[in-house]
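Dear colleague,

Please find below the structure that I am handing over to you, together with its sequence. My findings follow directly after it.

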Amino acid sequence: QPVLAVVGRPNVGKSTLVNRLLGRREAVVQDTPGVTRDRVAYDALWNGRRFTVVDTGGWEPDAKGLMASVAAQAELAMHTADAVLLVVDARVGPTETEEAVARVLRRSKRPVLLAANKVDDQRGVSDVHSLWSLGLGEPMPVSALHGRGSGDLLDAVLEAFPETPREVFGASGGPRRVALVGKPNVGKSSLLNKLTGEERSVVHDVAGTTVDPVDSLVELDDEVWRFVDTAGLRKRVKTASGTEYYASLRTKAAIEAAEVAIVLIDGSEPLSEQDLRVITMVVEAGRALVIAYNKWDLVDEDRRRQLEKEIDRELVRVRWAERVNVSAKTGRAVAKLAPTLRTALDSWDTRVPTGRLNGWLSELVAANPPPVRGGRQPKILFATQAQTRPPTFVLFTTGFLEAGYRRFLERKLRETFGFVGSPVRISVRVRE
Ligand code: GDP
């Protein structure tokens with residue numbers, strides 16, 4: 001989601017305006033005395049569009065003096081946000097500090113909006129004209145206190161943002177899409193037959209665009225699911241020329257078409273390279289994942305111990321995925337699949353509110369700062385969850401974060417917020 005950075009000197013009413021923009025959906029955290037919380041980020045929603053509002057903090061004179069600290073804040077805003085909002089007290093008019101900031105912001109490649117605050121009534125409107133001199137375009141009169149003009153300001157903010165890419169899976173509704181994948185002979189068709197045959201409802205064919213019906217609707221645990229691209233499975237067509245390449249293309253297409261994948265593995269045989277490849281495909285496609293070990297009726301104590309070792313050795317990177325041990329033959333644990341799919345999809349859909357995310361992150365980073373690189377300590381400024389499906393986090397930093405530290409952050413994210421059954425992505429935007 002796009003980021004709006006709000007800049008302004010103390011007492012212009014910046015915090016009041018930020019609260020206004022948020023519609024008080026998230027309580028703005030008060031600064032704790034003694035704790036420098038120089039940036040806070042919150043979620044905002046206007047006209048159905050989500051964005052992140054970052055309060056860049058007051059312009060406090062630091063060692064280098066007020067001007068330098070102000071210019072640094074403006075630079076930071078320009079480099080991290082998709083749009084910048086400068087808040088000025090219209091009753092005071094542009095100060096020297098604001099003129100300095102405007103000089104920096106005029107070089108911005110990102111859109112800059114100018115809010116003339118404290119225009120509480122009609123009389124105040126004449127104060128606004130003096131702000132044209134900042135060279136940032138038309139000042140927008142607002143009263144953060146009374147709410148006057150804030151709707152127009154929000155409209156202008158949305159217009160300033162770049163177009164957002166449309167979500168791949170919109171609120172399309174309908175049954176959730178499942179891919180049942182795995183290498184040949186692990187028991188995919190047997191499992192699908194079990195699921196469709198023994199559950200209360202029978203398979204319905206869903207007409208595809210081609211002659212073949214492609215998907216199957218299956219009722220599991222009082223919910224209808226769409227198992228995608230099951231034509232080959234149901235008819236048990238074993239292609240004569242059944243090349244692995246073709247199978248792998250088909251698997252890939254099924255995963256792409258689905259929201260969650262069940263990767264079926266033959267539990268009675270050693271874990272293979274091919275099994276791992278299918279798991280990798282799911283993770284790379286960013287789909288939710290359930291791992292099912294089939295043919296559990298054939299698994300004895302010895303095999304079981306061996307299997308535990310394989311899991312520890314080969315499946316550590318997908319430790320977050322739930323495993324179910326099933327038997328398509330006896331029906332063992334097949335009923336566990338639906339709740340497991342649901343958990344994975346819930347994680348895949350999860351959105352962590354920006355305020356909560358940043359509260360958690362600032363504590364974590366204070367206790368475990370990123371490793372120093374090239375003599376410099378990278379600072380994590382703030383974070384936002386840019387997307388769901390899968391949950392994707394963007395960290396705004398002053399420097400490169402090592403892969404090891406990113407993995408640490410992911411592990412901690414999972415410890416706190418769960419995400420069982422879903423991949424999680426973390427990307428880092430370094431302020432240039
Ligand atoms: P697919 O290629 O993944 O669709 O696998 P199939 O469903 O065709 O199954 C391959 C073979 O494994 C068949 O001979 C099945 O009867 C057998 N099979 C499938 N599931 C089980 C199971 O849970 N237990 C046992 N013992 N055999 C199974």
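In strand E11 (residues 260-266), Val260, Ile262, Leu264 and Asp266 point one way, while Ala261, Val263 and Ile265 point the other way, and all of them are buried. A residue is called buried if 20 or more other C-beta atoms lie within 10 Å of its own, exposed if 12 or fewer do, and partly exposed in between, with the C-beta atoms placed from the backbone. E11 is thus mostly covered, with seven of its seven residues buried. In a regular strand the side chains alternate between the two faces of the sheet. Helices (H or I, at least four residues) and strands (E, at least two) are DSSP runs, numbered from the N terminus.

The model is a predicted one: local features need pLDDT of at least 70, side-chain atom pairs count only at pLDDT 80 or more, and totals for chains, interfaces and linings use all residues. Residues are numbered from 1 along each chain as its sequence is written.

E11 has partners in strand E7 (residues 176-181), parallel to it over four bridges, and in strand E12 (residues 288-294), also parallel, over seven bridges. Two strands are taken to pair if DSSP finds at least two bridges between them. Ala261 of E11 stands opposite Ala179, and Asp266 stands opposite Asn294 in E12.

The protein as a whole has twelve helices and 16 strands, and 38% of its 432 residues count as buried. Of the contacts with a separation of 6 or more, 72% are between residues 24 or more positions apart; a contact requires C-beta atoms, placed from the backbone, within 7 Å of each other.

The ligand is surrounded by 16 residues, of which the closest are Gly187, Lys188, Ser189, Ser190 and Lys329. A residue belongs to this shell if its C-beta atom, placed from the backbone, lies within 6 Å of the molecule. Helix H5 (residues 188-198) gives the most to the shell, with three residues. By class, the shell holds five nonpolar, seven polar and four charged residues, where Ala, Val, Leu, Ile, Met, Phe, Trp, Tyr, Cys and Pro count as nonpolar, Asp, Glu, Lys and Arg as charged, and the others, Gly among them, as polar.

An open sheet of three strands has the order E14-E15-E16 with mixed pairing. Its edge strands are E14 (380-387) and E16 (425-430), each of which pairs on one side only. E14 runs antiparallel to E15 (residues 392-397), joined by six bridges, and Ala383 has Leu395 in E15 as its bridge partner.

Lys379 sits in the loop between helix H11 (354-367) and E14. It counts as partly exposed because it has 15 C-beta neighbours inside 10 Å. Leaving aside residues up to four places away in sequence, Lys379 touches Thr397 and Thr398.

Strands E9 (residues 215-220) and E10 (residues 223-227) pair in the antiparallel sense over five bridges, with Glu219 opposite Val224 in E10. Two residues lie between the strands of this hairpin, in which Asp221 takes a positive phi near 55 degrees.

Helix H9 (residues 301-314) is hardly covered, since the count of buried residues among its 14 residues is zero.

With kind regards

Methods:
Contact = placed C-beta atoms within 7 Å.
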